[in-house]
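Open the model in your viewer and keep the selection tool at hand. The tour goes from one selection to the next and says what is there.

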Amino acid sequence: MNVANRLTILRVVMIPVFVFFMLWETPFSDYLAAAVFILACITDFFDGYLARKYNQVTTFGKFMDPLADKVLVCSAMICFVADPDCAMPVWVVLAIIAREFIISGFRLVAAEKGVVIAASFWAKIKTTVQMIMAIVLIFNFQHPVFYFINRILIYAALILTIVSLVDYIYKNRDVMSDIDQEVE
């Protein structure tokens, strides 16, 4: 197994540690959660970078890297909903998680047909913005300026979530082309 795939697995292993610190009620737990989350985000950057640099892009990586990102971000979203002090609206969390389920289902249909759908440009931007938003929300800064920064990041993440969903479906619509025939 190459280094990039190991970093992806490491990111998956970090998720329960991150959730533990997010839900743990101590004065420093937010900082520990943020540190684990940031480290997981760094592994996301490096696994893709190393895979491309050393030409070690694998089917495992194309599948697991976006899945690890989804689980990491969705875990943060669920933790935000559990925190009454967090500025994250529940309906935004539902929209983001729904998009992740839709794309995962889309990828499963594609995989059944022998097609691997790699992360798109819009999906990478969406994930980056979601990760930045999560980091800012984890720290939960109480200064009024951060109220606006939080809102901008939340709605930017939401818009990019929708744009990347439409982009995936449009670019890969052929994967679903025979669905009408199967339904009838």
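A residue counts as exposed when its relative accessible area is over 50%, and as buried when that value is under 20%. Keep these two cut-offs in mind while you look at this model, which is predicted.

**Stop 1: the end of helix α6**

Select K171. Its relative accessibility is 55%, so K171 is exposed. With a relative accessibility of 12%, D167 is buried. The two side chains form a salt bridge, with 3.2 Å from N to O. Both residues belong to helix α6, which covers residues 144-171, and because they are 4 residues apart, about one helical turn separates them. An α-helix has 3.6 residues a turn, so residues three or four places apart point the same way.

**Stop 2: R11 and its partners**

For another, select R11 and D44. Their closest N and O atoms are 3.5 Å apart, and the pair is a salt bridge. R11 sits in helix α1 (residues 3-23) and D44 in helix α2 (residues 29-53), so this pair links distant parts of the chain, 33 residues apart. R11 and D44 are both buried.

D47 is in helix α2 while R11 is in helix α1, so the pair ties together parts that lie 36 residues apart in sequence. D47 is buried, as is R11.

In general, side chains of opposite charge can pair when their charged atoms come close.

**Stop 3: helix α5**

Select residues 121-139, which make up helix α5. Helix α5 has 19 residues, and from its first C-alpha to its last it reaches 28 Å, close to the 27 Å expected at 1.5 Å a residue. Colour its buried residues next; among them are A123, K126, T127, V129 and Q130. Further along α5, M131, M133, A134, I135, V136, L137 and I138 are buried as well.

What covers the buried residues of α5? Show helices α1, α2, α3 (59-82), α4 (90-112) and α6, which are included in the cover.

Finally, select N140, which follows α5. The phi of N140 is positive, near 50 degrees.

How values were computed. Residues numbered from 1 in each chain as written. Predicted model: local features only at pLDDT ≥ 70, side-chain atom pairs only at ≥ 80, totals over all residues. Heavy atoms only, no water. Salt bridge = Lys/Arg side-chain N within 4 Å of Asp/Glu carboxyl O. Helix = DSSP H or I, 4+ residues; strand = E, 2+ residues; numbered from the N terminus. Buried < 20%, exposed > 50% of the residue type's maximum accessible area, 1.4 Å probe, protein only. Expected span 1.5 Å × (residues − 1). Contact = heavy atoms within 4.5 Å.
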